[in-house]
Amino acid sequence: MKKILFALFMMCGLMVKAQTAGYQVGDKVADFKLKNVDSKMVSMADFKQAKGFIVIFTCNTCPVSKAYEDRIIALNSKYAPKGYPVLAINPNDPKASPGDSFELMQERAKSKKFGFPYLLDPDHLITKTFGANRTPHVFIVQKTNQGNFVQYIGAIDNDTENTDPDKILYTENALQDLLTGKTPALSFTKAVGCTIKWKKAE
């Protein structure tokens, strides 16, 4: 009986570890290269003048992601000129979620007039490296002379329905702190959205 309990304990521990894997606030971020909807490969290194990035794991199909699309567009419009462009990454496997195919990503980006890269992560490699587990899931990355570092992880704000005039703008507040030379006062919140549609084992 003790052996069974120990085995269950170890399994639970591994599950918790898997769920918390990925970048934490303060971690150094490795560059990546993913295909954009224009079929060109995009990396952080391409943005020579950037001060950092608003990396957002999002998708075509999640109702929460759709609810935040206009706010993601607004974030890019406001903060890309200040040095923090949006890099949107679709983490969903198109076989598990057909509405997230590359072709439909292209259609979505065109219809919504995305002014930022919309990248496909076909094997979840970057998604798992970051530790994203929801759509949308935000990671603010700051460029420094020592490399790129995570400064905020979590939600865009605390108002999915976008009806609260007093909503807390988590992502914007963190960006404003960084732009004024401060460490974000709030560096982590819980991402709220749809679970990522992972590839099924073959």
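A cavity is a set of grid points where a 1.4 Å probe fits but cannot get out. In this predicted model, the largest cavity holds about 50 Å³ of space. The chain has 202 residues, of which 46% count as buried, and its secondary structure comes to 5 helices and 10 strands.

**Chain overview**

- The chain exposes about 11100 Å², and carbon and sulfur atoms supply 58% of that area.
- Among contacts in the chain with a separation of 6 or more, 75% are between residues 24 or more positions apart.

**Cavities**

- The count comes to 2 cavities of 30 Å³ or more.
- The largest cavity, with about 50 Å³ of space, is lined by Tyr68, Pro136, Ala155, Ile156, Asp157, Thr160 and Val192.
- By class, the lining of the largest cavity has 5 nonpolar, 1 polar and 1 charged residues.
- The second largest cavity holds about 40 Å³ of space.
- Its lining consists of Thr58, Cys59, Glu69, Ile72, Ala88, Phe114, Phe116 and Tyr118.
- Sorted by class, the residues lining the second largest cavity are 6 nonpolar, 1 polar and 1 charged.

**Aromatic rings**

- There are 8 aromatic pairs in the model.
- One of these pairs joins phenylalanine 114 and phenylalanine 116, which are stacked at 4.7 Å centre to centre with 20° between the planes.
- Phenylalanine 114 and phenylalanine 116 are both buried, and both are in the lining of the second largest cavity.
- Phenylalanine 130 and phenylalanine 139 form an edge-to-face pair, with 5.2 Å centre to centre and 80° between the planes.
- Phenylalanine 130 and phenylalanine 139 are also buried.
- Ring pairs link Phe130 and Phe139 with Tyr23, Phe32 and Phe57 into a cluster.

**Serine 43**

- Serine 43 is found in strand E3, which covers residues 41-43.
- Serine 43 has 6% relative accessibility, so it counts as buried, the cut-off being under 20%.
- Apart from neighbours within four places in sequence, serine 43 is in contact with Asp31, Phe32 and Lys33.
- Of these contacts, Phe32 belongs to the ring cluster described above.

**Isoleucine 140**

- Isoleucine 140 has its place in strand E8, residues 137-144.
- Isoleucine 140 counts as buried because its relative accessibility is 0%.
- Leaving out neighbours within four places in sequence, the contacts of isoleucine 140 include Phe53, Tyr84, Phe149, Val150, Gln151 and Tyr152.
- Thr171, Ala174, Leu175 and Leu178 are also in contact with isoleucine 140.
- Glycine 154 lies 14 residues from isoleucine 140 along the chain, and the C-alpha atoms of the two are separated by 9.0 Å.

**Threonine 135 and proline 136**

- Threonine 135 lies in strand E7, residues 134-135, whereas proline 136 lies in the loop between E7 and E8.
- With 0% relative accessibility, threonine 135 is therefore counted as buried.
- Neighbours within four places in sequence aside, threonine 135 is in contact with residues including Phe57, Thr58, Cys59, Cys62, Val64 and Ser65.
- The peptide bond from threonine 135 to proline 136 is cis, with omega near 0°.

- Most residues other than glycine have a negative phi, and most peptide bonds are trans.
- Serine 39 is not a glycine, yet its phi is positive, near 75°.
- Serine 39 is in the loop between strand E2 (33-36) and E3.
- The relative accessible area of serine 39 is 45%, so this residue is partly exposed.
- Lysine 113, also not a glycine, has a positive phi of about 55°.
- Lysine 113 lies in the loop between helix H3 (102-112) and strand E6 (118-120).
- Lysine 113 is exposed because its relative accessible area is 69%, with exposed meaning over 50%.

Note on methods
Residues are numbered from 1 along each chain as its sequence is written. This is a predicted model: local features need pLDDT of at least 70, side-chain atom pairs count only at pLDDT 80 or more; totals for chains, interfaces and linings use all residues. Side-chain values use heavy atoms; hydrogens and water are left out. On a 1 Å grid over the protein atoms alone, a cavity is a set of points where a 1.4 Å probe fits but cannot get out, and a pocket is an open set with protein on both sides within 12 Å along at least five of seven lines; lining residues have an atom within 4 Å of a point. Grid points are joined across faces, edges and corners, and a volume is the space filled by probe spheres set on the points. Ala, Val, Leu, Ile, Met, Phe, Trp, Tyr, Cys and Pro count as nonpolar, Asp, Glu, Lys and Arg as charged, and the others, Gly among them, as polar. Helices (H or I, at least four residues) and strands (E, at least two) are DSSP runs, numbered from the N terminus. Buried means under 20% relative accessible area, exposed over 50%, partly exposed in between (1.4 Å probe, protein chains only). Contact means heavy atoms within 4.5 Å. Accessible areas come from the Shrake-Rupley method with a 1.4 Å probe; for residues, only the protein chains shown count as cover. Rings of Phe, Tyr and Trp (its six-membered ring) pair if their centres lie within 6.5 Å; planes under 30 degrees apart count as stacked, over 60 as edge-to-face and the rest as tilted.
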